[in-house]
Amino acid sequence: MSSEKPSIPNSLNEHWMPFTSNKDFKEKPRLITEAKGVYLKNHQGKTQIDASSGLFCNPLGHGRIEIIDAITKQLKTLDYAQPFQQGFGGSFELATRISKHTPGNLNRIFFSTGGSDAVETALKISIAYHKSRDQGQRFRMVGRERAYHGMHIGGTSVGGMVNNVKGFASILMPGVTHMRHTHLPEHKFVSGQPETGVELAEDLERIAANFGGENIAACIVEPIAGSTGTLVPPKGYLQRLREICDKHGILLIFDEVITGWGRTGSVFGAIEYGVTPDIMTMAKATTNGIVPMGAVACKEEIYDSIMDSSPKGTIELFHGYTYSGLPIAVAAGLAVQDIFEKDDIFNRVKELAPYFQKGLFSLKDIDAIDNIRGYGMMGGIDMKMDQKPGKAGFTCFKHCYDAGVNFKATGDCLIIAPMFISEKKHIDEIIEKLRTGINNYSKSKKN
Ligand SMILES: Cc1ncc(COP(=O)(O)O)c(C=O)c1O
């Protein structure tokens, strides 16, 4: 990385930043200027280790030359091809490569432009599927508290992170009911899958009893709730959801935008936990986060049913995006698939995960920490609340940023998700810098 110390832009006023305390940022900006491998450089010229793979999206590291070359080559050959009623070969090739990894027969792949779009697509496909089988009465959706399914109206409605939902309550989708989240008081400092809590899956049975299982289109969950800070499913919980869905003909959607492509130690959370959903979303790591792209994998019978219900020559699903299967996203996706194979990434994650989990839980002795959870290459550290929700998390994040470790904080939870290319020394560096940053935060409170 260059040794130059870049300056900040002339004006910070015009850009309205997403999910950001704009006022705080504009007083004291944090700009990232360069990224290579597991490291970032900020505008003060300081190097930081990336402890959250960006937003869970760059697990193969920054500046991968294979991906850069693939995108460059694609741009020079074909920069854009209309995805409606025509296409280009790459998106078919990528769909085939993806389908080789999806569980069961989730072999029909619809491309979107990110995770939020993938969720909307999955919800719509579930409705279209039931309609194709003359079950148009199934319009209800079941989500879960503390879930994050992106920021569009469908995803916000089935999501359950309070601040994301409550400000928009007036415009949410009708017919949505939420199951309780799966975090119980006895799960504090539990590493991996908790032994207790399987009975929380019965919430779905109760909702089915209340509204009529025959009226419910789909139940959507993240195998591990990621954005809220790694809520790992209790043992048997996802299996039980599958059973209840089967009993009532409800489609089970796994939102694998975070858990997909290796984060749990298996290619997908569905594979890790041995539960096959009917529809699955993915995004983020699909392109190593470099070009926006999402995808929805569906069971073949869902696709077939929707195809069979429309006469030949008509559009079967009135849904799609200008950038569905954008050539450079596809090129990045194909390069990522090559790296997964070449670098044996999924086995690498399996081997590295226990080391990361041990490091993560070694922070348990720090007094300011209220709870730690983790699975695979995912971890959540809850800070003890300070006066109001979110203050401790944000202040602690800023101390860690200054200590040279970068990640995302959600409320009072520090989200830790190292890159899959990390070596043990990088995990050690992340843990050491987290300890320094959190200790500095604690000291600042005493002063
Ligand atoms: C589980 C899940 N679904 C959907 C999304 C939304 O993805 P995007 O931000 O790419 O729209 C996210 C983003 O973090 C996510 O974690």
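Domain bounds here come from an automatic or database domain assignment. For this protein, that assignment gives domain 1 (22-60 + 343-446) and domain 2 (67-342). Keep in mind that this is a predicted model: local features need pLDDT of at least 70, side-chain atom pairs count only at pLDDT 80 or more, and totals for chains, interfaces and linings use all residues. Residues are numbered from 1 along each chain as its sequence is written.

In domain 1, 31 residues are in contact with 28 residues of domain 2 (contact means C-beta atoms, placed from the backbone, within 7 Å). Helices (H or I, at least four residues) and strands (E, at least two) are DSSP runs, numbered from the N terminus. Each element below supplies at least two residues of the side of domain 1 that touches domain 2.

| Element | Residues |
|---|---|
| Helix 2 | 53-56 |
| Helix 13 | 345-361 |
| Strand 11 | 369-375 |
| Strand 12 | 378-383 |
| Strand 15 | 413-416 |

Helix 13 gives the largest share of that side, 7 residues.

Now for helix 4 (residues 89-99), where Gly 90, Ser 91, Leu 94 and Ile 98 are buried. Seen down the helix axis, these buried residues fall within an arc of 95° (of the directions from the axis to the C-beta atoms), so they line one face of helix 4. Buried means 20 or more other C-beta atoms within 10 Å of a residue's own, exposed 12 or fewer, and partly exposed in between, with C-beta atoms placed from the backbone. Gly 89 and Thr 96, on the other side of helix 4, are exposed. The cover over the buried residues includes strand 4 (108-112), strand 10 (294-298) and helix 12 (327-342).

How values were computed
Two residues are in contact if their C-beta atoms, placed from the backbone, lie within 7 Å.
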